[in-house]
Amino acid sequence: MSIIEKAIGKLEKGVSNKFEKAAEQVEQKDDVKSKSVSMPVNEALRDSETDLIDRHVQETAKTNFINIDLDRLHRLGIVTPDKGKTQIAEQFRIIKRPLLTKAFTKKNNNLIMISSALAGEGKSFCSVNLAMSIASEMDHRVLLIDADVARPSMPNLLGFTNKKGLMELLLGESNDVADVMIKTNVEKLSLITVGTSHSHATELLASQTMAMLLEELAQRYNDRIVIFDAPPILLTSEARVLAERVGQIVLVVEAERTTQQAVNHVLDQFNSKSNINLIYNKVRSFSSSEYYGYYYS
């Protein structure tokens, strides 16, 4: 039974007891007048239930909305919908196109995991940029999920405090995706944080509950792209578990840092049928500014 159902039950019981006592007193004085008590009781219960539900909806709406500082994101080098045709916006237009082309051609292809071999290679930065770029599409919405349990980056990048999220869903502490989904001032962008850190995160991601959640996310909306900002593949086991259940994988490779050996080791973690894409990032151009190259396979 949900929290709201319990609250309504207590409210009904309390209101009912008060009116029953009132009815007994009236019945002792005038048996005819006692017959009219049932109508106010029912009306009071209905009004109380409606008020309680309305308050719950309003509180949830307040909790599950953040106003992203788009000027701050722009200063950080992240794609924003109000800055027009910037260099990084153009680069992520190129990056997103093949991913979108395949998104709905096969089951779960609209579930995209972004990871890297090691920490610090820019996977979270690329995850947010890709999500912001897809949010500008006419025909698609995007849900960005922070799945890096050990080192969640999304709250810091987007400027908000961590909230209940993925782990709470998998633990059964939240019963519906809508309870943890955060709307934003970017119309087509929604978020789910990683939630509370958990020592059995790998097992939770490998659970049947996670499989059911992914099924719901993939099928619930026919225009939604779901992006998972996953942990580094060579540092944790969570990303390898998640990779088995998504349709597309994007591996971020940092120029002049990620070795060929590390890339090969990462690729060995996946089966031959995995749909793997590489972003070669932080490449220095002649103007000494960084840009994000893309290799698609």
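The following questions and answers walk through a predicted model of one protein chain.

Student: How many helices and strands does the secondary structure of the chain come to?
Tutor: The chain has 297 residues, and buried residues make up 46% of them. Its secondary structure comes to 12 helices and 9 strands.

Student: Among contacts in the chain between residues at least 6 apart in sequence, what share joins residues at least 24 apart?
Tutor: Contact here means heavy atoms within 4.5 Å. Among contacts between residues at least 6 apart in sequence, the share that joins residues at least 24 apart is 75%.

Student: Is strand 3 largely enclosed or open?
Tutor: Strand 3 covers residues 141-146. Buried means under 20% relative accessible area.

Student: Which strands pair with strand 3, and in which sense?
Tutor: Strand 6 (residues 224-229) is joined to strand 3 by 6 bridges, and Leu143 stands opposite Val226 there. Strand 5 (residues 189-192) is joined to strand 3 by 4 bridges, with Leu144 opposite Leu191.

Student: What does Met113 touch, leaving out residues up to four places away in sequence?
Tutor: With residues up to four places away in sequence left out, Met113 touches Phe228, Ala230, Ile233, Ala239, Leu242, Ala243, Val246, Gln248, Ile249 and Val250.

Student: How far apart are the end C-alpha atoms of helix 10?
Tutor: Helix 10 has 12 residues, which at 1.5 Å a residue should span 16 Å. The separation of its end C-alpha atoms agrees with this, at 16 Å.

Student: Within what arc do the buried residues of helix 10 fall?
Tutor: The buried residues of helix 10 are Met210, Leu213, Leu214, Leu217 and Ala218. They line one face of the helix, because seen down the axis they fall within an arc of 130 degrees.

Student: Which residues are exposed on the other side of helix 10?
Tutor: Exposed means over 50% relative accessible area. On that other side, the exposed residues are Gln208 and Met212.

Key:
Residues are numbered from 1 along each chain as its sequence is written. This is a predicted model: local features need pLDDT of at least 70, side-chain atom pairs count only at pLDDT 80 or more; totals for chains, interfaces and linings use all residues. Side-chain values use heavy atoms; hydrogens and water are left out. Helices (H or I, at least four residues) and strands (E, at least two) are DSSP runs, numbered from the N terminus. Buried means under 20% relative accessible area, exposed over 50%, partly exposed in between (1.4 Å probe, protein chains only). Two strands pair if DSSP finds at least two bridges between them. The expected span of a helix is 1.5 Å times one less than its number of residues. The arc is that of the directions from the helix axis to the C-beta atoms.
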